[in-house]
Amino acid sequence: MPASPAPFLRIEGVSKNFGTFQAVRDVSLTIDRGEIFALLGGSGCGKTTLLRMLAGFEDPSAGRIFLDGQDMTGVPPWERPVHMMFQSYALFPHMTVEKNVGYGLKHDAMSAAERADRVRAMLDLVQLAPFAQRKPHQISGGQRQRVALARALARQPKLLLLDEPLAALDKKLREQTQFELMSIQERTGVTFIVVTHDQEEAMTLADRIAVMDRGQVQQIGPPAEVYEHPATRFVANFLGSITQFPATVTAVSGPRARLTVPAFGTEVETIALPGLAPGESLTLGLRPEKVALHRDRPDGPNVISGEVKDLAYFGKDSLYRITLPGGSLMAVHAVNARRDGEARPDWYDRVWLSFEPASAILLRD
Amino acid sequence: MKRRPWFLFTTLVFGFAFFYVPILSMIVYSFNESRLATVWGGFSTKWYVSLLSNRQVGAALMLSLQIAVISASVATILGTMAGIALARYTRFKGRLLFSGLVTAPLVMPEVITGISALMLFILMADWIGWPGQRGFTTITLAHITFSMVFVTTIVQARMMQADRAIEEAAMDLGSRPWQVLWDITLPTIFPAILSGWLLAFTISLDDVVITSFTTGPGNTTLPLLIWSKVKLGVTPDINALATLTVLVVGTGVVIAGILLNRAEARRIRDERMAYRSHD
Ligand SMILES: Nc1ncnc2c1ncn2[C@@H]1O[C@H](COP(=O)(O)OP(=O)(O)OP(=O)(O)O)[C@@H](O)[C@H]1O
Ligand SMILES: [Mg+2]
């Protein structure tokens, strides 16, 4: 993603301490206008805290936040063009759906008719017009989620913060709502920051993802980049699954490198990292779908022998766990392209594994 | 096999009897034809009729009602503010002292509260010449100070259960803190405020001890009137008056309880709904 000259949102070295505990550590990132940006990380890693600093509910202990060129330091929540959709939705229990959605509009200079029009448009956007007169406790969880979204969008914020917006929904509704969210974002053009601990949700929704761990941003990038080129072992583990092996560099020639991997019992060839030198120890990671499974020894580089220890048949694909010469296990994902069972390796079968040099992920510690 | 919990049952019966038999006998004897409190002379409502025409009782009742309404209203305003402050601002300097000061009167013997109020009024009269005479104002002030505590406790408990995110959402949507208080906080805790008012009202209405310390000549509230009359012997018209008082106070307490219960039930239902997903 090309860096624009003046980013829409710039977070500059922001930290947050609660007493001696540092919930957010030195986070810096920029977000472009109209982007869907996901903050992804495990429980307690500081996602909500970062969001609350953007909304103005917490003051950063260090660092600054610029929105549209304006320094947000000291600007109270009610003056920020930033709205938040709360994890608990936080609907006003004593107001109807319509009053909830229209609540923020009373602060804007507009006639009663304009206000009613806007509320109706918002209710249409989230398909809740028939429920306008209901109270929050008279509608379902998914409907409440949409009321919260409509309420946060009604004042046309520059930036919308969504804290685990789909966490309270069941799986089917969640998937359907993800696409609804994306289409609403497209139609309104509002910049979204979505907090989630669900990696699939982050990948589906976001243009770019920031992966957080213990208050720090580990990596920022488009989903494919973060998945295929994880910067740290944490990121590699957190997104998708990966099997990791210790390895030592034996030779580097141009873009290629050769490594010994004790677990494989053989040398393998990979793409070199910048500045890689022979003798360096690092971690080699392989994602299950990047490894090919063969019954007969194939030609080419990076061929490893093994034995099927475990297999799970899912129909369209199968997951194998293969015992390697060094005794460790590797996960392999194979698509069941053929119908005859004979083609598929079975328990205790001797098999061959291979992978492209570009498929291996090299991680320095 | 389920054993009859006879022990619990007997305790319950005796407990209730201990509490309610005196009240019941009072109600029964208020319909007594005879003038003698202990001799049943047949059913009659004449004491209620004579009560209605008794100017002294009417004046005392009016005074009591006025004091109760004013002191309950002021106590509700002050108590609500204190309750919100205690629940919301958990880290201001001297919070522990403040919350101690607010709740101490709950356990303070009424005599002490009454004496200290009296002392204050006497000292103030000495220093600033006010209050020149004790009566309506001093009684009302004393009632405010001790009934406020109950409002504070009820409001604080309700605020502790309230969802802070709702207030933040309102702030996020452009409302300043005082607007949030008005639009969101007060409506959601309204049942607690109302039951606080009712409680303060009934407490003020039937108070004897603190009132007798802070009253002056010619200001006789209903409980004081009953008290002074009983000293001359229990008569059926006192029974009638007390029966009416029980009726009013009982109704107030029951309504307060229902309001609190209903708000609690609604909150639980809302929470349950919140965790239920789509139909
Ligand atoms: N007001 C506070 N006082 C003290 N510690 C806090 C406070 N708010 C958050 N924390 C701590 O900061 C850390 C980060 O919290 P945060 O709510 O940002 O996590 P999160 O990433 O949103 O987690 P989750 O996915 O569970 O919502 C946690 O360890 C939490 O205990
Ligand atoms: Mg969170």
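**Close-up views of a ligand shell and a pocket**

**View 1. Helix 1 of chain A gives the most to the shell around ligand 1, namely three residues.** The model is predicted, so local features need pLDDT of at least 70 and side-chain atom pairs count only at pLDDT 80 or more, while totals for chains, interfaces and linings use all residues. Residues are numbered from 1 along each chain as its sequence is written, chains are lettered from A and ligands numbered from 1 in the order in which they are written, and side-chain values use heavy atoms, with hydrogens and water left out. Among the residues around ligand 1 are A:Phe18, A:Gly44, A:Lys47 and A:Glu164, where a residue counts if one of its heavy atoms lies within 4 Å.

**View 2. Oxygen atoms of ligand 1 meet the side chains of A:Ser43 and A:Thr49.** An N or O atom in the side chain of A:Ser43 is 2.6 Å from an oxygen atom of ligand 1, and for the side chain of A:Thr49 the corresponding value is 2.5 Å. A backbone N or O atom of A:Cys45 lies 3.2 Å from an oxygen atom of ligand 1. Of the 640 Å² that ligand 1 exposes when taken alone, the protein buries 61%, with accessible areas from the Shrake-Rupley method and a 1.4 Å probe.

**View 3. Helix 8 of chain B supplies the largest share of the lining of the second largest pocket, five residues.** Helix 3 (55-88), helix 7 (164-172) and helix 8 (177-205) of chain B each supply at least two lining residues, helices being DSSP runs (H or I) of at least four residues, numbered from the N terminus.

How values were computed
Polar contact = N/O pair within 3.5 Å; in protein donor to acceptor, adjacent residues only side chain to side chain.
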